[in-house]
Amino acid sequence: MAGHDLVLIFDFGSQYTQLIARRVREQNVYCEIVHGDCDAARVRARAPKGIILSGGPASVYQPGAPTMDAAVLSLGVPVLGICYGLQLSAHLLGLVVAPAASHAAGGEYGRREVRVANADGLFAGLPPAFTVWMSHGDQVADPGGEFEVLASTDTCPLAALRHRRLPLYGVQFHPEVTHTDGGREIVRNFLRGVCGAAGDWTPSSFVDDAVATIRARIGANHVVCALSGGVDSAVVAALIHRAAPRQLTCVFVDNGLLRKGEARQVEETFRGHFHMDLRVVDASRRFHERLAGVEDPEEKRIRIGHLFIEVFTEEARHIPDARFLAQGTLYPDVIESVAAHGGPTATIKRHHNVGGLPRTLRFELLEPLRFLFKDEVRAIGQALGLPDRIVWRHPFPGPGMAVRILGPVTPQRVALLQEADAVTLDEVWKSGLAREIWQAFTVLLPVRTVGVMGDGRTYDHVAALRFVTSTDGMTADWARVPHDLLARISARIINEVRGINRVVYDISSKPPATIEWE
């Protein structure tokens, strides 16, 4: 992102690290999450406009607790420490960190009223008292002579600090969560007021930067784009097509695990509308053979990811100068698969286009969206002029129906789920709620139940409906849709899809659940 201000977010294992990135991006400032041990030399080389230190579950005195290069604090780059980030920076500068007053009860969690003692800088424009969200066991015990107290609460006297010589700030609460009133304003004050960030990173600027970067990187070589038909790969294809239209070949693999009619829609859109060089490969039999008898979701993802690459490699033999493989990998894919840049956050699941790639991959990966969230990709798709039906299409997992069929994957079970899911999507779009719902889909459960149809006994499959609302897919809540909509979907599935006699609705949020069932 040359030419734009950069903020580095040091990850110390917080549940909220990705939310910090979201808050920074909302201010049109580009940021990246890096491992907490990123040393001063690497930081200096990247010339960030500011640094944010995340929270984390550890105590600074705990053996093996995440730490950082103390020299980073003396680079002259503004630093904002959040929760553990404040404790760690204070500890490295010689201050005492001790258990919070309520630590005996397991820590301090929930809402507290913070009172501002100095509104300059971090708290500019905020009221003298407001509600914040606490989630910590330790806190800084004494500011010493080097720190000024900016804010306090009844249970946390040093709720916000500022170093008197260094551009170092810290808050014990979490401004990145929605539970903190004025949290966005605090982040904006740090970015704009303290760091002096310009806030000029926009979808249009990203398009210009990405096109220039793609041209410089691929040179005269050819790019094979892994096209799925979803918004992510569509935006990737559009970016590369704008950068080098004659050097792009899109390969769409019909793996037999797609939504109903999806292969035909992809051909009509990308070959007919965009006039791209599109090659469709029917590999459905190969995928079903590779998945035969496999029930473990991670094994499904690995096998599907490997076979995808095999198919691309075979197809690329017929494409001159094919050197790059383009994918629609997003930041949540990277974060959930490999714990952001090797950081201490937990790996949730392996995404087929991140963790499932074989080491013998002969392509160089081209992933222009690797550091973007889904809502940012949609904005970029609009800036590229993509049709709304693509930009607002609901996310679909790379492994397709394989991770929406719990248990073994067979052609018969795929066909059953495709029919049920087609009914679900048809009713959602008819309802006018498709853009409000982040994702709506159907899951085939590995159980059968007794039913009564036409005065006769049935013993058939169960379908689960999963509708969620979200901004970027990192967190999600179950959608409170009208009961009439659920009733129509249930009635149609049971009446139109032979083999399903019961429909249930998933009311789990992420976390603790994930959006997909596998």
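**Exercise 1. Determine in which sense strand 9 and strand 10 pair, and over how many bridges.**

Solution. Start with the terms: strands are DSSP runs of E with at least two residues, numbered from the N terminus, and two of them pair if DSSP finds at least two bridges between them. Strand 9 (residues 147-152) and strand 10 pair over four bridges, in the antiparallel sense. The model is a predicted one, in which local features need pLDDT of at least 70 and side-chain atom pairs count only at pLDDT 80 or more, while totals for chains, interfaces and linings use all residues. Residues are numbered from 1 along each chain as its sequence is written, and side-chain values use heavy atoms, with hydrogens and water left out.

**Exercise 2. Find how strand 10 is joined to strand 11, and which residue is the bridge partner of Leu161.**

Solution. Strand 11 (residues 168-171) runs antiparallel to strand 10, and three bridges join the two. The link between them is a hairpin through four residues. In strand 11, Gly170 is the bridge partner of Leu161. Finally, consider the side chains of strand 10 (residues 160-163): Ala160 and Arg162 point one way, Leu161 and His163 point the other way, and all are buried, that is, under 20% relative accessible area with a 1.4 Å probe, protein chains only.

**Exercise 3. List the residues that Val235 touches, not counting residues up to four places away in sequence.**

Solution. Contact means heavy atoms within 4.5 Å. With those sequence neighbours left out, Val235 touches Leu369, Val377, Ile380, Gly381, Leu384 and Leu386.

Key:
Buried < 20%, exposed > 50% of the residue type's maximum accessible area, 1.4 Å probe, protein only.
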